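Q: Hey, can you walk me through this one? I'd like the overall picture before the details.

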Amino acid sequence: EETEEEDAQSSYEKMTQENAITKTTKLQDVKYKVQESKSLDTTIAEVAGDRETTNTELAALNEYYAKIKDHCIAKPETYEDRKAKREAEIN
């Protein structure tokens, strides 16, 4: 009877020790995951700001490109324009 009681006590203490180790491990996991989550939130905020800045720059560049495209890209002359120039050269 004493042996059974000692075995039960030993088993209980062993289980209690395992539970304490598991609890400590899980608490540390939670601590590190919360820390990682905060770090990721900061990174997301920085990247969102960078994206907004990049989109603003892109819009400005597209607007600038649209303005200079008219000046820089050669447009074919219409038939009427060529005919008028030809007649001006002849006359």
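Predicted model: local features only at pLDDT ≥ 70, side-chain atom pairs only at ≥ 80, totals over all residues.

Q: How many helices and strands does the protein chain have?

A: The protein chain has two helices and zero strands. Its radius of gyration is 39 Å, well over the 12 Å that the globule rule gives for 91 residues, so the chain is more spread out than a compact globule. The C-alpha atoms fill a box of roughly 130 × 20 × 10 Å along the principal axes.

Q: And what share of the residues is buried?

A: Buried residues make up 0% of the 91. The accessible surface comes to about 9,000 Å², and carbon and sulfur atoms account for 54% of that.

Q: Switching topic: how many salt bridges are there?

A: The structure holds two. In one, Lys-67 pairs with Glu-63, with the closest N and O atoms 3.8 Å apart.

Q: Where do those two sit relative to each other in helix H1?

A: Lys-67 and Glu-63 are four residues apart in helix H1, so about one helical turn separates them. Lys-67 counts as exposed, at 52% relative accessibility.

Q: What about Glu-77?

A: The Glu-77 side chain meets that of Lys-85 in a salt bridge, 2.5 Å from N to O. Glu-77 is partly exposed at 39% relative accessible area, and Lys-85 is partly exposed at 48%.

Q: Which residues form the negative surface patch?

A: That patch is made by Glu-2, Glu-4, Glu-5, Glu-6 and Asp-7. Glu-6 lies in helix H1, which covers residues 2-72.

Q: How far apart are the mean positions of the positive and negative charges?

A: They are 18 Å apart, for 14 positive and 22 negative charges.

Note on methods
Residues numbered from 1 in each chain as written. Heavy atoms only, no water. Patch = residues over 30% accessible without salt bridge, like charges linked within 9 Å, V, L, I, M, F, W, Y side chains within 5 Å. Areas by Shrake-Rupley, 256 points an atom, 1.4 Å probe, with all protein chains shown as cover. Salt bridge = Lys/Arg side-chain N within 4 Å of Asp/Glu carboxyl O. Lys, Arg positive; Asp, Glu negative; His and termini not counted. Charge placed at Lys NZ, Arg CZ, Asp CG, Glu CD. Rg over C-alpha atoms; globule rule 2.2 N^0.38 Å. Buried < 20%, exposed > 50% of the residue type's maximum accessible area, 1.4 Å probe, protein only.
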